[in-house]
Amino acid sequence: MREFIRIASGQGYWGDRFDAPIDQVREGPIDYLMMDYLAEVTMSIMQKQKSRDPNLGYAKDFIRLMEVLLPDLVEKNVKLITNAGGVNPVACMIAVREIAERKGYGGLRLAAVYGDDILNYLDALIASGNELKNMETGESIQTIRNRIRSANVYFGARPVVEALEQGAQIIITGRVTDTGLTLAPMIHEFGWKWDEWDKLAAGIIGGHINECGAQASGGNFLAGWKEVPKMERIGFPIVEAYPDGTLIITKHESLGGLVDVRTVKEQLVYELGDPKEYITPDVVADFTSIRLKQVGENRVKVFDVKGAPFTEFYKVSVSYFDGFTCIGQLTYAWPDALEKAKKADEIIRKRIEYLGLTFEEIHTEFLGYNACHGTTAPPVPDPNEVVFLIGVRGNNKKDMEKFANEIVPLVLTGPPTVTGFGGGRPRVREVIAYWPALLKKEEVAPKVLTISVI
Amino acid sequence: MKVQLIKLAHARSGDKGDTANVGIIALKPEYYEILKKEVTPERVKAHFGEMVKGPVQRFEMPNIDALNFLLHNALGGGGTTTLKHDAQGKTISTALLRMEIDVPDDLAIF
């Protein structure tokens with residue numbers, strides 16, 4: 001057994017810095033690279049792409065990355081685990097195989113983890129008594145049934161461990177939890193048992209620290225962002241994991257960024273619910289058990305983590321069409337910038353009424369004044385400029401388009417010294433909403449397909 | 001004396017559906033008990049007023065000198081539905097740190 005393994009974070013979400021994973025592989029030793037590409041809304045975008053072309057439905061940026069990075073991974077024997085497969089992990093794997101064949105990496109083992117996509121089985125699942133009701137509101141799924149765009153189960157580390165055991169070096173998954181991508185190599189390397197709850201929970205904490213990329217290593221760091229070196233080439237976090245479940249959070253020395261107890265704490269509380277019950281498919285982790293200690297420059301030890309048995313459910317993420325939104329904006333300059341923006345708001349609202357447009361919601365914000373902090377922010381006397389933002393939400397697309405036509409005319413018909421209309425008419429966007437639900441684990445099984453490059 | 005929370009804590013916020021979470025972390029371990037006493041769910045709810053339509057829940061994390069708050073129905077429907085500029089509640093962290101709390105007059109604040 002290895003004394004420890006290094007699991008590097010390479011991507012916090014689809015659209016994160018492209019060269020971060022390249023730096024992780026080239027700037028120092030790592031054993032595993034994990035990359036998270038998926039968010040709730042991502043799955044519906046990918047499902048749409050797949051419906052147009054059955055060979056699509058995954059993060060295409062990942063293929064672009066593989067063109068550059070695959071030679072390094074092969075040369076350094078770094079294993080890659082990513083959920084870039086989206087709603088079509090097998091097609092994504094085949095695209096990587098094509099690159100590997102072209103570059104001559106015969107024998108390289110690739111794996112796809114799938115089976116999480118339950119869109120085509122929803123009716124059967126519902127018919128056999130799975131309610132899939134909304135976890136937050138308790139509503140029946142029938143209220144959105146004919147508007148569903150994607151439905152995926154969140155798998156944990158198990159199928160990834162299976163792929164590692166089959167010798168795969170590049171593992172491309174569908175909806176595997178972000179934390180599972182980091183936990184899996186620890187189970188594989190250290191032979192942890194599936195009921196060693198404390199160790200599994202430690203791996204999940206490592207996953208939570210890795211899953212948002214540089215947010216654990218100096219990015220979005222409130223307590224000390226001014227102290228963070230070289231943010232233009234910030235080093236993403238690396239979890240150094242030990243067989244007993246102890247972790248050291250660190251980063252490559254040559255890169256920018258900062259890892260200290262404060263950066264790790266800020267990431268620990270990110271998107272956290274009840275800290276005693278951080279539920280994952282493999283274990284329930286207790287965030288109130290975590291202990292942290294600075295053990296060197298850019299090195300934080302994470303230890304004493306406690307865990308409890310998993311629940312009998314998988315979480316399911318369903319996305320569905322939920323109408324349209326359109327947000328327009330204009331910028332008003334001194335003097336009386338706020339008053340002008342408020343006048344513009346009044347005019348647009350009267351125009352909406354005059355034209356007989358109906359919306360479920362009309363929402364105004366004054367950017368540069370109180371858009372972020374609302375009523376908690378003190379008044380700003382005489383701001384230099386204010387951005388007027390007005391958004392509408394509703395189901396009538398024609399009304400949306402008419403609203404979109406109402407913004408730019410204000411430049412010549414409304415209050416003076418106005419700019420910021422360069423983008424022209426604002427875009428009418430489809431709303432894809434998110435429906436969280438639970439599904440009994442026995443209803444669905446992950447699948448692993450491993451292939452060798454010829 | 002009264003001080004703004006930002007003198008005593010740092011924070012990060014995020015979203016889960018229409019619920020925003022804000023974790024506030026004591027800048028010094030000795031501030032944690034003050035935060036625990038002063039930053040109650042009731043006062044957080046009052047601080048945000050109309051901005052938070054649902055209840056406020058608080059969870060204690062003494063191991064990292066932190067309190068985690070869940071602000072329900074705070075994101076205008078959340079994620080992709082909301083019309084709010086800060087759709088994911090990323091800046092609610094410092095909105096909470098604007099809150100004023102009572103601290104002992106002799107408290108050393110750096």
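## The cavity

How many cavities of 30 Å³ or more does this predicted model hold? The count comes to 1. About 100 Å³ of space lies in the largest cavity.

The lining of the largest cavity is made of 13 residues. Sorted by class, the lining has 9 nonpolar residues, 3 charged ones and 1 polar one.

## Helix α4 of chain A

Next, pick out helix α4 of chain A, which covers residues 89-103. With its 15 residues, α4(A) reaches 21 Å from the first C-alpha to the last, close to the 21 Å expected at 1.5 Å a residue.

Which residues of α4(A) are buried? They are A:Pro89, A:Ala91, A:Cys92, A:Met93, A:Ala95, A:Val96, A:Ile99 and A:Ala100. In an α-helix there are 3.6 residues a turn, so residues three or four places apart point the same way. As for what covers the buried residues of α4(A), the list includes helix α3 (60-76) and the strands β4 (109-114), β6 (170-173) and β19 (447-452), which belong to chain A too.

## Domains of chain A

Zoom out, and chain A is divided into two parts. Domain 1 takes in residues 5-116 plus 154-311, while domain 2 runs over 322-435. Going by C-alpha atoms, the centres of these two domains of chain A are separated by 39 Å.

Key: Residues are numbered from 1 along each chain as its sequence is written. Chains are lettered from A and ligands numbered from 1 in the order in which they are written. This is a predicted model: local features need pLDDT of at least 70, side-chain atom pairs count only at pLDDT 80 or more; totals for chains, interfaces and linings use all residues. Side-chain values use heavy atoms; hydrogens and water are left out. Helices (H or I, at least four residues) and strands (E, at least two) are DSSP runs, numbered from the N terminus. The expected span of a helix is 1.5 Å times one less than its number of residues. Buried means under 20% relative accessible area, exposed over 50%, partly exposed in between (1.4 Å probe, protein chains only). Contact means heavy atoms within 4.5 Å. On a 1 Å grid over the protein atoms alone, a cavity is a set of points where a 1.4 Å probe fits but cannot get out, and a pocket is an open set with protein on both sides within 12 Å along at least five of seven lines; lining residues have an atom within 4 Å of a point. Grid points are joined across faces, edges and corners, and a volume is the space filled by probe spheres set on the points. Ala, Val, Leu, Ile, Met, Phe, Trp, Tyr, Cys and Pro count as nonpolar, Asp, Glu, Lys and Arg as charged, and the others, Gly among them, as polar. Domain bounds come from an automatic or database domain assignment.
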